[in-house]
Amino acid sequence: MNKFLSLIHSHKERFSVLFSGILLLLLALLVYGPGGDDDTHITYTAAKNLADVGQILNHSGDAVEQGSSLLHVVALGYSYKLLQFLGAPWMLTDIGPIFSLIAALCCLPLLMSLALKSGLRQRVLMLFLLVFSVSFTYWAVGGLESTLASLCLLTCVLFISKLFDDEKTAWGAWLKVVVAVAAVILVRPEGFFIIIACLLALQVLLLLNSQSLTRVHRYTCMTIALIAVAIFVCVCLIRLYYFDQLFPQPVYAKADGFSWVKIGFGFLYFLYSMQLSIVIYTGLLLYLLYGLFFKRSKAPVQVLVALSFCCAYLAFIVVSGGDWMSGGRFFTPIIPLLILVAFFALQKLKAKVYVYVILLLIPVLETGFFALKFSTGENILRDKHAGFVGRSTQFDVSKIADIERYSWSERHNVLHLRDIPGTNALINVIKSIEQDKAFSQRPVYITSIQMGMTPYHLRNTFFAKIRLLDMRGLSTREITDCVYFSDSSRNWLGIKASYPKYFRAIKSGQCPKLIMPDIIYDLSNLAAEDIKDRFNTLTTEGYHIVYQQVGVLQDRAAYKYMDAAMFIAVSDTVYKMLPATLRDQQLRF
């Protein structure tokens, strides 16, 4: 942190960074808790495989890039390996949220440094706005790459703007840009396209800002673009050699081409994030663009670079249709830059102090509302009897067997708590059949749409004795490689593959990689018709339901709750292997 604080020379600014960092820690750990969804474990599996066997592998041990962020997987995997070497008794799921939190803390001094270079006066309030931003602090302990992406973008803006600030640029400055650009490309699949779009926008903004685009400006932008292209080509070639794909597997499962419907959802994503503050920041960004285009107003290069990145990323959000996760996750990478641009626009408007105070009050209220109602996490200091509970039973964390298998972040997240009993039941089922001679020559085949926490723990427990198939195609390639699903629509959840179509694909003979599963587990908190369709299909195909959990998990005050229904079904062959105690398990919350 001292290295980052050295970017700031004023004691007042250093104190504000430290104070805002403490506030971020308190909000992230005690107000939101370890939130987010179980997609974190898709990354955790790849990172743990890298640490354990030196290769990036998916849940089944195949060379499939199931994580969306190569940089995050590598950084997390080697961080875990280093901690193992030092003798730290932490699980990878322990350090995942901490890693995201450290990345978020590192963003604070970088943003302050950019604000100083941009000549912003209300810098302390700007940091508080970032800390109270739901998109930033909620995901600061979510375990995904979101805050790491924020850090990469801030670093890239800082180093690129320095190239335009200095008349004579040393090789060291260019080396920093190369590293920063590489980080942006590796941290998210869209990183390369964001940089190219940013550079195109930046040339336009530089032209508007100075009335002429100098040769130095053109040379700098072109050189950065060539650097980005070279890095992107190298990354693609490495992926093609190692994974036999140019992009991470989730891209192939989600990408569905251009669609006006997706653009409509992209605009609605601003509302879906449930953050009025983001709409206000975007409005101020548009005001600044209006001034640059029509009033010939001026802005420092740091603001222009930040504005270019914001425009590029907001365009990506709209065109891609946004994201399904709560808390505005797609805004997290650019929320620090968006706030910087918004504050510069307010300074241009000569806004009074009370305007800044009102602007701060809005995210404060959003924080309270989201934490009470929508955060999947809870205060990490709550003991096992005071956390999430069953609505109609006395169920709490203390009732769960083998709880030591799960980390502090999993125990304080309602989504993970929903999955923990089912994961334990599934592990018991597999343990009871793995020694049977039927599985001496082949693994146990398991299929599901849910490919988060449960597969992570199955992989850790059974390794090569199991093989998982992702019906959404996000972490395995059987569905995306199958021509039978070529007409299936795709969205931010992956390929839409229903149970009936899945079994028809197996029987069609068009998908040789698809094998009749021994075990199927999934959620059953669906619409009545959908769950009836699933259960009817399972019965028709000869499967038996051996585990069901029903009911609702909620916090003590019942402000937030979740339907926790899920099931485990096994083939007739497996059913006959199971002891009577594992043939009809039920859990009610």
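Student: How do β7 and strand β11 pair, parallel or antiparallel?

Tutor: They pair in the parallel sense, over four bridges. Strand β11 covers residues 585-588, and Q549 stands opposite L587 in β11. By pairing I mean that DSSP finds at least two bridges between two strands. The strands (E, at least two residues) and helices (H or I, at least four) are DSSP runs, numbered from the N terminus.

Student: Before we go on, what kind of model is this?

Tutor: It's a predicted model, where local features need pLDDT of at least 70, side-chain atom pairs count only at pLDDT 80 or more, and totals for chains, interfaces and linings use all residues. Residues are numbered from 1 along each chain as its sequence is written, and side-chain values use heavy atoms, with hydrogens and water left out.

Student: Okay, back to β7. Which way do β7 and strand β10 run, parallel or antiparallel?

Tutor: Antiparallel this time: six bridges join β7 (residues 543-550) to β10 (residues 566-571). Look for I545, which stands opposite A569 in β10.

Student: And what's the strand order in the open sheet of three strands?

Tutor: The order is β1-β8-β9, with antiparallel pairing. The edges are β1 (389-390) and β9 (561-563); each has a single partner strand, so one side of each is left without a neighbour in the sheet. Between β1 and β8 (residues 552-554) there are two bridges, and V389 has Q554 as its bridge partner in β8.

Student: New topic! How many salt bridges does a search of the whole structure find?

Tutor: The search finds 21. To count, a side-chain nitrogen of Lys or Arg has to be within 4 Å of a carboxyl oxygen of Asp or Glu. One of them is between E13 and R123, where the closest N and O atoms are 2.8 Å apart. This pair links distant parts of the chain: E13 sits in helix α2 (residues 11-32) and R123 in helix α6 (residues 123-131), 110 residues apart.

Student: Are E13 and R123 buried or exposed?

Tutor: Both are buried. The cut-offs are relative accessible area under 20% for buried and over 50% for exposed, with partly exposed in between (1.4 Å probe, protein chains only).

Student: What about R239, which residue does its side chain meet in a salt bridge?

Tutor: That's E65, at 2.7 Å from N to O. R239 lies in helix α11 and E65 in the loop between α3 and α4 (70-85), so the pair ties together parts that are 174 residues apart in sequence. Both R239 and E65 are buried too.

Student: And which partner does K501 have?

Tutor: K501 forms a salt bridge with D487, with the closest N and O atoms 2.9 Å apart. K501 is in helix α21 (residues 499-508) and D487 in the loop between β3 and β4 (490-491), so this pair ties together parts 14 residues apart in sequence. K501 is buried at 14% relative accessible area, but D487 counts as exposed at 61%.

Student: Which residues do salt bridges with shared partners join into one network?

Tutor: E145, R188, E190, D323 and R329.

Student: Now for holes. How many cavities of 30 Å³ or more does the count come to?

Tutor: Five. A cavity here is a set of points on a 1 Å grid over the protein atoms alone where a 1.4 Å probe fits but cannot get out, and lining residues have an atom within 4 Å of a point. Points are joined across faces, edges and corners, and the volume is the space filled by probe spheres set on them.

Student: What's the volume of the largest cavity, and how many residues line it?

Tutor: The volume is about 160 Å³. The lining has 14 residues, and D39, I42, S68, L144 and K254 lie nearest the centre. Helices α3 (40-53) and α12 (249-254) each supply at least two residues of that lining.

Note on methods: On a 1 Å grid over the protein atoms alone, a cavity is a set of points where a 1.4 Å probe fits but cannot get out, and a pocket is an open set with protein on both sides within 12 Å along at least five of seven lines; lining residues have an atom within 4 Å of a point.
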